Amino acid sequence: MLSSIRSVRELTDGMRARGISPKFYIMTFGCQQNEADSERLAGFADAMGYKPSHVPDGCSLILVNTCAVREHAEKKALSCIGQLKHIKAADPSVIIGVGGCMVSQQHRADALKHSYPYVDFSFCTTELWRVPELILDRLRGGRRRFPDVAASLSSTDFSEEVPVLRRSRTRAWVSVMYGCNNFCSYCIVPYVRGRERSRLPEDILSEVRGLVGGGCRDITLLGQNVNSYGHDLDSGVTFADLIREISRLDGDFRLRFMTSHPKDATDDLIAAIAESRVASRHFHLPLQSGSDRVLAVMNRHYTAEKYLGIIEKLRAAMPDIVITSDIMVGFPGETEDDFAATLGVMRRARFDMIYSFIFSPRRGTPAARMAEQIPEDVKSERFARLIECQNAISREKNESAVGQTLRVLADDGFDDPADPTGRTDGNKLVHIRGEAIPGEFYSVKITRADTFGLYGDII
Ligand code: SAH
Ligand code: SF4
Ligand code: F3S
């Protein structure tokens, strides 16, 4: 990898000597794992001598990092890849690579190879470290390359040497583990990201230490199921241990993590967060459904009561904790009673916010083959009721913050400098009145709230 980076660097130095300034553009779809992976791809591009660009036109290197979690995500990625055709036609020397979860499915990698001739190579989620080599090979006139997905995903190697070019100086993602072993029956992620692999605690600690030392104030530990961190390591270290270790580091920063799986949310983890100086009072705990029957078919390994029990413990340990969730409607066989159970759990849990989803059948997953797929109109109608129910709760929850003074970290990329925004410890969006320096903490008195955020004055 490092020798490929050096060799590409020599080639881009050659371009610069000829008066061409090579630039790169990365398009990212999907979740924070993909955002984090794209920062690694940007790290490669930077080390290879490409400069970042906000548009694909005029770039010598274009990388697309795709998502496969729902059909809509795949359609969006394919349509954006389609738009790159004219760029390649105008300049055949442009290198186009497509990676991520969508192309970590053999049928998608094959489709790219056969129907998108302007794509130079594609790579699976487990082989980011091969990207410099793929670029080098293509620059030297090598053939187009597409993965044998099963072989690529079975390789569990990952490199700690990968350079990272982060988008934000204030907030950072830190992957603690890769992959997922849970095989929830609707989900494509375990098929496209491979088995769980935990990073060593010392590597994570040194990355976090470096970030905090460099001025980063908000760090999110990432994994598909962070609560099972360490299960694959010999040392017996748990996620709670990791939180405790990171909490011992010096510096003024916030620590977040996502995503937690209710089946693995232990009392020890709750205690580790409650006693931590830096862990945010925020817990994202996907519910998916409030019906025990549906949860069992989803292969989630918990019941609604067990779920509500965790929420109760979180609130008992930290009364001000912000709790958010993921909820899906329209899972195969979901009856009106099942859906009513979901609304019932939502009303009892009183989430601050949820990410809501309409079930989308994913090829190769058990749920896609289940009989009793729910008609689209029923799914949409339930989705609308789900959102209506949550919006009312979100609004009440946010309004309860009016009059409070909260510690807010100013974002480092507000859309409009006249309207600075920031985040509370619970990760709520705050529109700040007053001058705010990006990356600084402020005490903000909340004066107003709506369903989607808070408004307040710096005091
Ligand atoms: N690992 C995390 C998140 C995985 S993907 C977790 O376990 O919660 C993020 C969310 O996408 C999931 O929580 C789920 O609600 C949703 N999702 C996953 N597969 C889906 C599908 N096939 N259709 C609709 N939503 C889906
Ligand atoms: Fe998908 Fe379940 Fe793994 Fe989350 S825990 S990534 S929903 S299989
Ligand atoms: Fe999408 Fe892959 Fe994330 S499928 S949601 S980018 S893990």
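1. Ligand 3 first. Domain 1 (2-153) and domain 2 (174-279) both give residues to the shell around ligand 3, so ligand 3 lies between them. Those bounds come from an automatic or database domain assignment. The residues around ligand 3 are Gly 30, Cys 31, Asn 34, Cys 67, Ala 68, Val 69, Cys 101, Val 189, Arg 193 and Gln 224, where being near a molecule takes a heavy atom within 4 Å of it. By class that makes six nonpolar, three polar and one charged. The classes put Ala, Val, Leu, Ile, Met, Phe, Trp, Tyr, Cys and Pro under nonpolar, Asp, Glu, Lys and Arg under charged, and the others, Gly among them, under polar.

2. A word on what you are looking at. This is a predicted model, in which local features need pLDDT of at least 70 and side-chain atom pairs count only at pLDDT 80 or more, while totals for chains, interfaces and linings use all residues. Residues are numbered from 1 along each chain as its sequence is written, chains are lettered from A and ligands numbered from 1 in the order in which they are written, and side-chain values use heavy atoms, with hydrogens and water left out.

3. Now ligand 2. Its shell is made of Cys 180, Asn 182, Phe 183, Cys 184, Tyr 186, Cys 187, Val 189, Pro 190, Gln 224, His 261 and Arg 300. Sorted by class, there are seven nonpolar, three polar and one charged. Phe 183 deserves a look: its phi is positive, about 50°, although it is not a glycine. Most residues other than glycine have a negative phi. Phe 183 sits in the loop between strand 7 (177-178) and helix 8 (189-193); helices (H or I, at least four residues) and strands (E, at least two) are DSSP runs, numbered from the N terminus.

4. Ligand 1 has 15 residues around it, and the closest are Tyr 186, Gln 224, Gln 288, Asp 326 and Ser 360. What does Asp 326 do there? One of its polar side-chain atoms lies 2.6 Å from an oxygen atom of ligand 1. A polar backbone atom of Tyr 186 is 3.0 Å from a nitrogen atom of the ligand, and an N or O atom in the side chain of Arg 70 is 3.3 Å from one of its oxygen atoms.

5. Next, the interface of domain 2 and domain 3.

6. How many salt bridges cross the interface of domain 2 and domain 3? The rule finds one, taking a side-chain nitrogen of Lys or Arg within 4 Å of a carboxyl oxygen of Asp or Glu. Asp 267 and Lys 313 also meet through their side chains in a salt bridge, at 2.9 Å, N to O.

7. Two spots to check by eye. The peptide bond from Met 258 to Thr 259 is cis, with omega near 10°, and Thr 259 is placed in the loop between strand 10 and helix 11. Elsewhere, Arg 166 forms a salt bridge with Glu 39, with the closest N and O atoms 3.9 Å apart. That pair links distant parts of the chain, 127 residues apart.

Definitions and conventions:
A polar contact is a pair of N or O atoms within 3.5 Å; within protein, one must be able to donate a hydrogen and the other to accept it, and residues adjacent in sequence count only if both atoms are side-chain atoms.
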